[in-house]
Structure formats: C-alpha cells, structure tokens
Amino acid sequence: MADAALAEGRGRGRGGRGGRRGDRGRGRGRGRRRGDDEKEAWVPVTKLGRLVKAGSIGSIEQIYLFSLPIKEYQIVDFFLPKLKDEVMKVMPVQKQTRAGQRTRFKAFVVIGDSDGHVGLGVKCSKEVATAIRGAIILAKLSVIPVRRGYWGSILGEPHTVPAKVTGKCGSVVCRLVPAPRGTGIVAAPVPKKLLQLAGIQDCYTTSKGSTKTLGNFVKATFQAIAETYGFLTPDLWTETEFSKTPYQEWSDYLAKTKKSTY
C-alpha cells in the first residue's frame, strides 16, 4: 500500500512539473508574435520618412526632382508596392586570417517594377539568407528612374532607350542602342533581366571585356541605364520652374518634435 501511494505521488509530481513547463512554453510563443507585430509598424527616423508617412510627398518622382537621398527602404515600399526582386548570383568569397580562411557569401539582387524603376544591391554576409535580405534592402535604397524613348516615329508608349548610352565597371563595357518596336531585348541573360525589370521592351546591346564576371557585368548595365536621364535632348530644353524643396515647404511640420514619454 505504501509503495503504491508513493508511486502515485511521484506520478502526480512529475505531471505537475510537466504542466508548468508547458505553460511557460506557450507564454514565450505569444511574446514572439507580439514582437513581430511591433516590427511591422514603420516608425520613420528621417525627415523625408516623416513627410512620406504624413502624405506630404505625392510620388517618388518628387524625391528624384530635388535629389533627396533615401535612407529608409520603407519609403520605396510606400511608393512602389509592385517591386519584384531577382537574385542574380550568390557567390562565396574568402579572406585569409591567422586561423585560416573566413568564408562569406556575396549576393547580387536586382529589383524593379517593369515600369521605369530599377535598383541593384550587393551584400556580403556569413549566411546566404542574410546576404540576400541585405541585398534586397540596398537595392531598394538605390532605385533609380529609367528614361524611355522612341525609335523613329513617336507613336504609342515609349518602348526603348532614348539614345545610345554606355556603362563601364572594371573591364566590362555595356552599350545600349535604341531598337525598332517589336525587336525585343537583344542581350545576354544578365542585362536582359535588368532591362526587363526596368520596363524597356526593345533594345540592342553590345558588350566587351570579361563579361563572365557577373558582378561587373550587371553593374555596367545598371550604370548604362542610369545614364538615360543624363542625356539632355531638345524636348528637355524648356524653361525650368524652380520651386521649394519639401524640406523648405514643410519646415513648420518638421520643426514639431514629438516629446518622448518615459
């Protein structure tokens, strides 16, 4: 009888401890979910971010007009929700140390909305997933406007690059040449993906140098696309109407600092 009662007591004791451990596990799980919800809420830390969240800036083109630097990737997400990203390459890189070799992973990511906006991000990290996430954020911060034009008659929507443009990185030189409507993108796989995300439908390309170095090849193509707005054509000769920058226009709003309560 005593042995049975002792065994029964032990069983109850173990069961009670197990129940308490289960409760603690459920509590930690709920805490993590609350933390995830808090991360989703964007709290801007720059003046530009405050103006964007308040709705004072209407489009990302207004930011480009005054050459305002974008320091928060949430600004790009706010204006361009249809961005698509493409991982071009993930390559291991090594550094020689006293203890041996330290291997990290370098990711090249291209991002665009196929409607005149494209970005390129390069990030190195210890893990592949971390490198890709960092490259996506850097690609959003480097999003640039893409100017499109016509080949021949000005009919329909712009479909090609407005002029011959060239980009260079390392030994790689990439040149973009306007093409007739319906030609498609005549290019290698690397610049073709970049031009598609930029929204260019027809284009001839020429390249020379060590194009097997994908990093330099994609950087040269990105630089060539960025040159499209650096070419001044007669249709841009109109008189410039100067206006206040958003920082000057909304200076009273920016001067209001929110006092933090502890």
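Visitor: In which order do the four strands of the open sheet lie?
Guide: Strands (DSSP E runs of at least two residues) and helices (H or I runs of at least four) are numbered from the N terminus. Two strands pair if DSSP finds at least two bridges between them. In this predicted model, local features need pLDDT of at least 70 and side-chain atom pairs count only at pLDDT 80 or more, whereas totals for chains, interfaces and linings use all residues. Pairing in the open sheet is antiparallel, and the order is β1-β2-β3-β4.

Visitor: Which are the edge strands?
Guide: An edge strand here pairs on one side only. This applies to β1 (84–97) and β4 (144–145).

Visitor: Which residue in β3 is the bridge partner of F105?
Guide: Residues are numbered from 1 along each chain as its sequence is written, and side-chain values use heavy atoms, without hydrogens or water. Antiparallel strands β2 (residues 100–112) and β3 (residues 117–125) are joined by eight bridges. The partner of F105 in β3 is S125.

Visitor: What angle does the direction of helix α7 make with that of β3?
Guide: Helix α7 (residues 214–226) packs on the sheet and touches β1, β2, β3 and β4, contact meaning heavy atoms within 4.5 Å. Axes are lines fitted to C-alpha atoms, for helices over the stretch in contact, with angles from 0 to 180 degrees between N-to-C directions. The angle is about 150°.

Visitor: Is F222 buried or exposed?
Guide: F222 lies in helix α7 and touches V118, G119, L120, S142, I144 and L194, not counting residues up to four places away in sequence. Buried means under 20% relative accessible area, exposed over 50%, and partly exposed in between (1.4 Å probe, protein chains only). Because its relative accessibility is 14%, F222 counts as buried.
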